[in-house]
Amino acid sequence: SFLYGMSTASSYIESGRYKKVLLIGADKMSSIIDYKDRTTCIIFGDGAGAALFEPTTDQNVGYEDEILRSDGVGRNFLKIEAGGSLMPASQDTIDNNKHVVFQDGKNVFKYAVSNMADVAEKIVQRNQLTNEDVDWLVPHQANKRIIDATAKRVNLPEEKVMMNISRYGNTTSATLPLLLNEYESQLKKGDKLVFAAFGGGFTWGSILLTWAYNS
């Protein structure tokens, strides 16, 4: 969701409609997790983060490119069964514990590894970048093996990969802004950042951004 938010924020600013956009990613996953389900409770965490977007006159920095994708192939692999229009909340859905996250880990992992790595590789190739040109991979913090596979696809060493999953788990919408907050002191003007993320449905994407200031 944060990638789609970045795209929207960038479009608003580029159109001239807004001069500043504060993009917030926040999820309280603990409210929708079944703590008897080991396939989800050890993975997801609560978190919130924000990033401020504003225009620049420097043509060498800023939002450069995006690849955003979605389809419905994974609707049964990562979901909350009740609470929407298909199955409205009722006493029965509450009694049967249908308002918590369900995840088919093997299928989610398979699609996430393939799709998240694919779009990261495509955006690097489309912009004619080498692994030396890319300063940071900013990946969604769903699973370290997925992060490692994405980094391997674009041939980036571990020291160029932002990571905090060991401390917070998968904070879903908050993962990317939390990474930017933690690594901001290491970022320099002109650094090329490749964002990559994967989410329910499935949705996935990658964004190329050139950092605009020295911390």
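In the unreviewed UniProt entry, the feature "transmembrane region" is placed at residues 193–213; such annotations may be inferred rather than shown by experiment. The model is predicted, with local features requiring pLDDT of at least 70 and side-chain atom pairs pLDDT 80 or more, whereas totals for chains, interfaces and linings use all residues. Residues are numbered from 1 along each chain as its sequence is written, and side-chain values use heavy atoms, without hydrogens and water.

The largest nonpolar core comprises 50 residues, of which L3, M6, M162, L193, V194 and F195 touch the most other members. A nonpolar core is a set of buried Ala, Val, Leu, Ile, Met, Phe, Trp, Tyr and Cys residues joined through side-chain atoms within 4.5 Å, buried meaning under 20% relative accessible area and exposed over 50% (1.4 Å probe, protein chains only). Beyond its neighbours within four places in sequence, M162 is in contact (heavy atoms within 4.5 Å) with residues including W136, L179, Y183 and L193.

Helix α7 (residues 175–183) is largely enclosed by the rest of the structure, because 7 of its 9 residues are buried. These are T175, L176, P177, L178, L179, L180 and Y183. Their cover includes α1 (2–15), β2 (47–53), β6 (136–139) and β7 (192–199).

By contrast, I24, located in strand β1 (residues 21–27), is exposed, with a relative accessible area of 56%.

Note on methods: Helix = DSSP H or I, 4+ residues; strand = E, 2+ residues; numbered from the N terminus.
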